[in-house]
Amino acid sequence: MAAFAFPKSARLLRRADYVAIKQRGKSFAEGPLAASFRPRDPTSTAVAGARVGLTVSSKIGSAVTRNRIKRRLREAVRLELASLPAVDLVLVARASAPSASVEEFREWLRGAASRMRTVA
C-alpha cells in the first residue's frame, strides 16, 4: 500500500512554493484542470519525484463541492504520483471539475505527465 501513498514530502505546503511555480514555471489548461509546473532541481537533497499542490477556488462552488473535488483529486494524484515526472506541480480546478470523476482526473494526470516530460 505504501506504493500508493501521498506523503507530506510529495505535497507543496508553502504559499511561497505555489507563487514561485506560478511565476517561473510553465502552464497549460485543458478539461477540468489547469496546471503550472516547474522541473525540480536534480541535485536537491529532498525526496525525488513530483511534489503536488491543489487549489480549488470558491468560484467553483460551495465548501461541500470544493472539498469533494479536493478528495477526488487527491485520490487521483495518490494513484498516479509514481508516474509523474520530477516536477513541482500546482493543479487548479476549473469550472468543469465538479462533474469529473477520479478516473477522469487520473486520465488527465496521465496526459499531463507525458506533456510535462516533453516540455520540461
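Tutor: Two residues are in contact when heavy atoms of theirs lie within 4.5 Å. Helices (H or I, at least four residues) and strands (E, at least two) are DSSP runs, numbered from the N terminus. The model is predicted, so local features need pLDDT of at least 70 and side-chain atom pairs count only at pLDDT 80 or more, while totals for chains, interfaces and linings use all residues. Residues are numbered from 1 along each chain as its sequence is written, and side-chain values use heavy atoms, with hydrogens and water left out.

Let us begin with helix α1, which runs over residues 15–24; its buried residues are Asp17, Ala20 and Ile21. Buried means under 20% relative accessible area, exposed means over 50%, and partly exposed is in between (1.4 Å probe, protein chains only). Around the axis of α1 the buried residues fall within an arc of 95°, so they line one face of the helix. Such an arc is that of the directions from the helix axis to the C-beta atoms. Arg15, Lys22 and Gln23 are exposed on the other side of α1. Among the elements that cover its buried residues are β2, β3 and β4.

Together with Arg40, Arg51 and Asp88, Asp17 is linked in a network of salt bridges. A salt bridge is a side-chain nitrogen of Lys or Arg within 4 Å of a carboxyl oxygen of Asp or Glu. Arg40 counts as buried because its relative accessibility is 14%, and Asp88 counts as buried because its value is 6%.

Arg51 belongs to strand β3. With a relative accessible area of 19%, Arg51 is therefore buried. Its side chain makes a polar contact of 2.9 Å with the side chain of Asp88. A polar contact is a pair of N or O atoms within 3.5 Å; within protein, one must be able to donate a hydrogen and the other to accept it, and residues adjacent in sequence count only if both atoms are side-chain atoms. Apart from its neighbours within four places in sequence, Arg51 is in contact with residues including Ser9, Leu12, Asp17, Arg40, Asp88 and Leu89. The C-alpha atoms of Arg51 and Arg40 are separated by 8.8 Å, although the two residues are eleven places apart along the chain.

Charged pairs also occur elsewhere, for the whole structure has nine salt bridges. Arg110 and Glu80 form one, with their closest N and O atoms 2.9 Å apart. This pair links distant parts of the chain as well: Arg110 is in helix α3 and Glu80 in helix α2, 30 residues apart. Glu80 is buried because its relative accessible area is 6%, whereas Arg110, at 36%, counts as partly exposed.

Glu80 is also one of the buried residues of α2, which are Thr65, Ile69, Leu73, Ala76, Val77 and Glu80. These residues cover an arc of only 100° around the axis, which puts them on the same side of α2. They pack against β2, β3, β4 and α3.

Finally, the nonpolar residues complete the picture of the surroundings. A nonpolar core is a set of buried Ala, Val, Leu, Ile, Met, Phe, Trp, Tyr and Cys residues joined through side-chain atoms within 4.5 Å. The largest one has 29 residues, and Val52, Leu89 and Leu91 have the most contacts inside it. At least two residues of this core come from each of β2 (33–39), β3 (51–55), α2 (63–80), β4 (87–93) and α3 (102–119). Helix α3 gives the largest share, six residues. In soluble globular proteins, nonpolar side chains tend to be buried together. Leu91 illustrates the arrangement: not counting residues up to four places away in sequence, it touches Val52, Leu73, Val77 and Trp108, among others.
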